[in-house]
Every structure is written in C-alpha cells, then in structure tokens.
Amino acid sequence: MREFFRDLWRILWADKSALTGAVLIVCYVLVAIFGPLFVHLSSFGHQSAAYLTPSWHHPLGTDSLGQGIATELIVGTRPIMEVGLLAAIITTFVGVAIGLLTGYLGGWVDIVAMRIVDIALTIPGLPLIIVIAAVIHSSNPFVLAAILSVTGWAGLARAVRSQAISLRTIDFMAAARIQGLPLRNIVGRQLLPNVGPYVAIHFLLGITGAIYAEVGLFLLGVAPLSGTNWGIMINLAMSQGALYTTKSMLYLLCPMAAIVILQVAFVFFSRALDSLFNPRLRVQ
Amino acid sequence: MSLVEVDNVSHWYPTTAGDRPVLDQVNLSLEHDDILAVVGESGCGKTTLGRMVVGEDAPAQGRIRFDDRDVAGLRGKDFKAYRRAVQVVHQDPYASLNPGLTIEDTLGPAIVHHGLVRRRELQGELIRILAEVGLDATRAFLRRYPHQLSGGQRQRVAIARAMSLRPRLVVADEPTSMLDVSMRLAILDLLLSFREQRQLAYLFISHDFGVVRYFSQAGRIVVMFYGVLVEEGPAEQVIQHPRHPYTYLLLQAIPVPDPGLARRRRRAAIEEHTEGAPAAVGCIFQNRCPFVEPQCRSSRPPLTELTDGHRSACFFPDRVPDVDHLLGAY
Amino acid sequence: MTVTSEPVLSVNDLTVAFGAGPGAIKAVEQVSLQVAPGDIYAVVGESGCGKSTLAYSMLDVIPPPGRVTSGDVQVRGRALGSMSRSELNQLRSAEVSMVFQAAMNSFNPVTTIGRQVEDLLEAHNRVFDSAASGRAYFDELLGMVRLPTERIWRSYEHQLSGGMKQRVAIAVALLLHPSILILDEPTTALDVLNQRLVLDVLRNLHASLGLSVVFVTHDLAVVAELASRVAVMYAGRLVESGTVDEIFTDERRHPYVAALISAIPSVLAEGLQVRPIAGQVPNLAELPAGCRFAPRCPLARAICREAEPPLVADRTGHAVACHVVNEKLVEGTVQ
C-alpha cells in the first residue's frame, strides 16, 4: 500500500495536469466531508438579505431567500459527490462482473447476458432515468445512485467482455486453467488486473457522467427538491428567472462552475491512472 | 497401461471455405516416465495435439485417455487431479506469464489450491522451487514482475509453475525456440533434470530436430505432416535412419554450424519439395515427394512397422537415404 | 574479393547511446566494420547485444531516444550524419534497403499486396520508365523469391503463410534497385523448411543481382549457411570478426564464439560435444569491469576482470578481442 502511494506521487509529480486534477479532487472531497461542520444554512431565510452583492460576510452574495451562495455550495457538495461516487461504484461493479464472466465463460451465459446488454444499450439512457426518477421520486442517495446506474453498466460490460475474450486464449490464461485454478482466481486475479487501467478510467468518467445526470434530474425537477445541492441550486436559480435578470447571476453560475471544475479535475486526473495501473510503468 | 493414449483422434477447424482438417486419425501412446517428441512444420497439428492432451481443446472425433480414463469425461475431484498431473510449458515466455502478477502470485495460488503446502509454509516452498529452477531464491525475487526478467528467467519461472504441482506429464511446446542460443541448452537440461529426479513424462513439441535429438535421446519421435502421422520410432533411429521422405526433408533443411559442410550440401535444392499442398486422395505427401510413384497417387500408405517400434507411412521406405547421406556425400 | 576494394558500407568506431549523462546505456560501443562489394556480412549476437541497433544505424533509423554519440556510418565513402534529409531519403530508397524483423507483419491488412506495390511504385515514379516496367520488375523479383506472381498480386496479407510473407517483404525491399540489402533476423520465427527456402533465395538474389547483403541474426547455423564475413557482438561490443571459415574453424577464436558454436544441438555430427554456456548475458546498465564476457568465461584470468581487451587482428584480418587468445598470437608471431 505504501508503495502504491509512492508510485502515485511519482506519477503525479511527472504529470502536472494530473497533479492539478488530483489536488482539486482532494479539495472537493475535503469540502464534502468537513464543509458542513463549519458552515450552516439557517432554516428560514432573511428576505431582507436577498440578492446581496458579494461581501466579506457573503463572498459570493446571497440568493432570493437571503442564504449565502458560498455556504450553499459547500453544503451542496456532499450529496452530489456521494451519489456520483455510489452510482459509479454500482455501474463499474456490475459492468466489470458481467463483462469478465461472459467474456471468459462464453456459451449460453454470454448469449443471454449480451442480449440484455444490447437492450440496455439501445434504450436511450437519460429519458429512462428521468422516467424512473419521476416515478420513484426518492431523495435517498442509494436509490438515486441505483437509478442513475440503470443503463450505464452496459457499455462497460461490453468493452470488458471483448477484452476478456482476447485475454482468454493468451498463454498465461491457459496456464492458469491447466493449473486447475478455480474460477474466482482466474477471473479475479488473472483477468481483472489486465483490464484494471480501463476500468479505473471508466470509473472516474462514470462519476462525472453520474454527476451530470444527477444534476439534470434536479434541474428538471423530477427528483425531490429537498435539502441543498448544486442541482437544486440551478433549478431554483432558473425558476427565479436567472435567465432574464442579472440579479441571481451568481446563484446560477457558481454551482455550474463548481460542477465544471470538478469534472475537469476528474478528466485530468484520469490521465495518471493508465500509468498507475500498468506494472511496467509503475515499477522501475 | 500407458500414461496417455491418443485414440484415433481427428479434428478440424471451421473456416469460411469449409472445415480445415487439423488432425487425421492420429494414434499415439506415451508411457510413464517416457519422452515423446512431436515434430513437423508449422501448421502440422502438433500444437493442437498438445492442447488436447492438456485439456485445452477437445477432439472432434476420438478420445484422449489419461491413466486409462477419457479426459472429456473427468469431473470434480478426478478433473482436479488430472489438472494437477498434466502441466504445460509454453513457447513464448512473454505471453505465458501474467504481466500484472508478481512471481509469488504467479506461482503461489495453484500450490495452495491443490493443498501441496499450508499457506504459511508457502513462501518457503516458493523459495525452494526458485532454487530448483536455478533462479535467485530470495523474497525480493518473489516480489518481481515478469517485465523485470529476461526471456531465459521468464522461461524458468514458467517451468517452476509447471513443476510446482509435481506433475506426471509435462507438455512442452517449443520451449526454447524463442530463447537466445546460449540459454537453450540450459533450459533443456533443466527440464531433463526434473525427469531424472521424479517420475515424469514429456510430450515435447518442436520443429527443430537438433533440439529434439538433444532432448529425447532415449525417447521416441513422431513426425506429422498436415495432421497425419507419417513416421514414428525411437529417437536416434528416426534421426539416423529416417524411413519417410518428409522426415528426410526436414532433416535435410536444418542449417548446420559448419560452413564447409554447408557449401558441400548447397547443391541439394529443396524448394520444389517445400510447397506442394497435402493431397486428399492417396499419400498425403505425394505432391512434395521426390520418390513418388503411381501407387502413391491412388491409395494412402498405412503406418507400417518396419523394425522394432519404427513405423512409416510410406510405400517405399527403403528409398529414403540414411542421414549420413547429408554429411556431404553428394 | 581483394583487400584494396573500397567498402560499400563502413561503420567507423560507432557508439550509439540511449539516454544521456552517466546513466546512458551504450547499446553499441566503438564498433567498426567494413562491408566490401559482394559481401554477405553477418552480424551475430544474442538479444540485447546491440546487433539490431547497429543495423538501424546503417540506415540512420535508430529508434529514439537512441543516438549516435561518436563515430559514423559511411555508404560509399559518404557519412550518413552529414547528409540532408532529402539525401537520406534518396539513400534509403535507391541505395540501401532494409527488411525489418517483423517484416512479415508489415503489410497493410486491408489492401492487396499488389495495391501496396503500386503505391510504392507511384511514390518513386522516377525509378522506372513506366509503371508497367516497374510492375514487370516486381514480377521478376517474385520469380526470384520463388513465389507465384499472379497469386501474390491479388493476395491479402492474411492469405499468405509466414514464410511467403517474408519472401514478399524481401522482393519489395529490392524493388527500387538498392545495391545494399540489410535484413534483421530474416529467418527467426520461421520453421525449418521456410528457413531453408529463405536462405536459398537470399543466396541466389545475392548472386544474380550483385547485391551486398548485411544480415543480423542470433543463429550461428544460419551464419554458416549464408555468410561470407561475420562480426560477433557481445553486450554492445564487437568481440570477433573475420571470414566465415575463420570464425568457425580457426583455432584462434573468442571463447564466447567457441561456446556459442558448441551450444548448438546438431542432428548431424555424431561426436559433436554440446555444452550449455554458464551464466547470463549482462545487463547493459550494470556491465562488469574489464572484459564483458569474463564472468561467464572458462579462460578468464585476473587481467580480464580489470581491462577491456582490444580487438587485435592477425595478418588475414581475423580480429579477436580477448586477452588470453591474443597473448598466444603475440607469442606466435615472436617465434
């Protein structure tokens, strides 16, 4: 484990844009975990403090209810990142498990699973998610994450499957089979590390995709508008006419900026993953 | 009872132009503690035969028997025992080791899985195995990745993996053809040393008669041409007194590390015998054979015993010259 | 071959390094050799000895970050390092041609061989009077490498066997009338019969086209079959060079070469003693002091572990870099 972090540091140091991405992600994570300990939203608004321009007390101004935008951004970080992370974990786990098993085993398992994948790939993902979210109407992060993962695993499953198929016939896989190793070893220890870099990058991009989709759900108002997160902020800003007046400009732009910066940070950081998961580049 | 019996095995691969035959009614047996070398040019079916013996491919027709039991019918505990008893050493040491696993993780899991040592004794056992195959027997070495090793070292790790399960049969498919010349003999010697220490049989697959001769001095050789077994016999007998024209052609083609001899042999042009297609009717080798007769065009010669254990699928085995002929008597 | 004939290709005190500073790895170190017109020159060695890098340097196509740090390569007396880019291109197309190690995999899989040959002819349309004469010459070459012309023109790469592809690659390399042909491991990865065919083909092409041939190999038996002159490399340095007969039959030879020859399992000679070579090829980043072969050498003495032996030639030009062997030479000439 110590070696892993030493390698990670070495790779990040060599690639400054990946380092920038990593630093930004760490900042976001710290804010998500510790932010709510330091700032609080008041339970009812101060109409008199609405639409204030930035000041020492409210660095990014206030919204129509008089809440500080900076405070809302900080408090809204955790729900967004939580759901994004959970959704990425679900899609990656399901996609990798199905891809490896079907690719390695082949036969009827493969045929059945791939028809399901085809269906999941042909259904337009976002509209389906919107419909399900509107029907279920839950703000539970696990339920939201599950909804967001409903089709996302299929593309990964297909890609991992084709890699597993090409790896299946390589000599080292044959040697593992001939040694009589059980399936869990062959799939988990022999196959998985070889699709590692691809899966890791997909995982990071899965987080970004889930965050976009989640924000979209709140923006459209199909997910319950309870609590505070960046999606709800954008939704409220829009409904309060941010497109027509300049008063709530900051209220609209700040959550958008927060999202864009986080997404860019993930994309930058993902560049380092390929080197990190390739033992040839990792060990000198 | 033989260790392995290949019983009337035929096999073909489907292609867009119809099925392509790979093995045609092959019969072989390998005794306990013996060496059987399979020789032929690329595409002759020798690798497919090896894959069948280790259970990676099932024959379309016929049976492979290990310890008198059909390999295709093995299940559960019996299958696990077969997996342990039959191991493989591949040709390409770059493809045969998983690039993502350390040496420890390459060797360890199977030893534990087959219950050969207890988990806490594993590292000691691995270090002992490394010493046995002539590698640096240290903990540091166990933590290395394949890309940190040379081709020769990788092949030793692959051999360690095969031998760690104490198998009774090892299929070695061209184990030295991708190694440096100075490493080849050492690898062959290593494989032979295991045979001396243990009850171990080898199915040795190669296109290089020089390597085959070195490896299978006391064993037997079979020569295959496009899936058909054309000659079989004791190793030295087949090499010194080939009785099938294809065997002779293979022997004649081998480059010799002696420029004087090479110049004397140069007049024997070989090209007209390297490219004829296998024939569907009659002797499969007729389109390349220098001694072909009308009889060869009409009926297929059976594999016939000539002398003790030496068999040839040729109507005119006596026309094939001895190998002394190759030493420059032209 | 007379001693006075000008070499068509000469490598002079060439060093090729990968990386810079004290950590730089010298893949080729102070290597000199001369290829006379009509030679079939073999460069022999094991993997990592620098033989392929040496071959690349003959066309100035050393893969980065490798670069020539001293010495030069001259083709007909002109140093490659002093040539402009267009002169180098001219040289590579018309004078020196190379068949790379993976040449059999170097065809475009989605077009026919014929189409690829036509593209090549079009790119070099000054070489032939007309496209038809270029195509006719390729037919002639296909005949020389013993391939059926019509079938090859129409074939896709996957329809040919490894041995056939290797011979097509040789024909393509000869299309623009080069006078020097360089081949990297031309027989590796082929089975015995195809190997023999490639050897026969190369020998005939050499005779009928008046080529000078340089080939790189790890297989001494192939050297004995094909080469007229031989240079043996070990860990980046030249350890022995001479005619093929000197290398294989001279009493005076480098212990590494002697060991390599006796490490070839043979089918023919009954009494030939076969012995493995102890130890491993050294890592170029951690070279031993003194002679690089000393740790594996049965003849090694104290001096071998201290000083690198110089390459010493006898009267016929047979050169060996070994303290022990050259000591005898000096004694011999004194007597």
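Modeller: Let us start with one residue. This is a predicted model. Leaving aside neighbours within four places in sequence, R297(B) is in contact with G282(B) and Q286(B).

Biologist: What makes those contacts of R297(B)?

Modeller: Two residues are in contact if their C-beta atoms, placed from the backbone, lie within 7 Å. G282(B) and Q286(B) are in contact with R297(B), so their C-beta atoms meet that cut-off.

Biologist: Where is R297(B)?

Modeller: R297(B) is in helix α12 of chain B, residues 294-298. R297(B) and A280(B) are 17 residues apart in sequence, and their C-alpha atoms are 9.7 Å apart in space.

Biologist: Why is R297(B) called partly exposed?

Modeller: Count the other C-beta atoms within 10 Å: R297(B) has 13. Buried needs 20 or more, and exposed means 12 or fewer. The value 13 falls in between, so R297(B) is partly exposed.

Biologist: Why does E174(B) count as buried?

Modeller: E174(B) has 22 C-beta neighbours inside 10 Å. The cut-off is 20 or more, so E174(B) is buried. E174(B) lies in the loop between β7 (169-173) and α7 (181-197) of chain B. E174(B) also has a positive phi of about 50°, although it is not a glycine.

Biologist: And R76(C): buried, exposed or in between?

Modeller: R76(C) has 15 C-beta neighbours inside 10 Å, so it counts as partly exposed. R76(C) is in the loop between β4 and β5 of chain C. R76(C) has a positive phi of about 50° and is not a glycine.

Biologist: How do you know that β2 and β5 of chain C are edge strands?

Modeller: The sheet is open, with 4 strands in the order β2-β1-β4-β5 of chain C. The pairing is antiparallel. β2 (25-35) and β5 (78-79) of chain C each pair on one side only, and they are the edge strands.

Biologist: What makes β1(C) and β2(C) a pair?

Modeller: Two strands pair if at least two bridges are found between them. β1(C), residues 9-18, and β2(C) have 7 bridges, so they pair. L14(C) stands opposite V31(C) in β2(C).

Biologist: How does the span of α2(A) compare with what is expected?

Modeller: α2(A), residues 16-38, has 23 residues and reaches 31 Å from first C-alpha to last. That is close to the 33 Å expected at 1.5 Å a residue. α2(A) bends by about 45° at A32(A), and the proline P36(A) follows within four residues.

Biologist: Which residues of α2(A) are buried?

Modeller: A18(A), G21(A), A22(A), Y28(A) and V31(A) are buried. The buried residues of α2(A) pack against α1 (2-14), α3 (69-105) and α11 (249-277) of chain A.

Biologist: Which chains touch, and which pair has the most contacts?

Modeller: 2 pairs of chains touch, and chains B and C have the most contacts. That contact takes 34 residues from chain C and 36 residues from chain B. α7(C) gives the most to the side of chain C that touches chain B, with 7 residues. For chains B and A, 26 residues of chain B are in contact with 19 residues of chain A. No contact joins chain A and chain C, whose closest C-alpha atoms lie 13 Å apart.

Technical notes:
Residues numbered from 1 in each chain as written. Chains lettered and ligands numbered in written order. Predicted model: local features only at pLDDT ≥ 70, side-chain atom pairs only at ≥ 80, totals over all residues. Helix = DSSP H or I, 4+ residues; strand = E, 2+ residues; numbered from the N terminus. Expected span 1.5 Å × (residues − 1). Bend = angle between axes of the 7 residues up to and from the residue.
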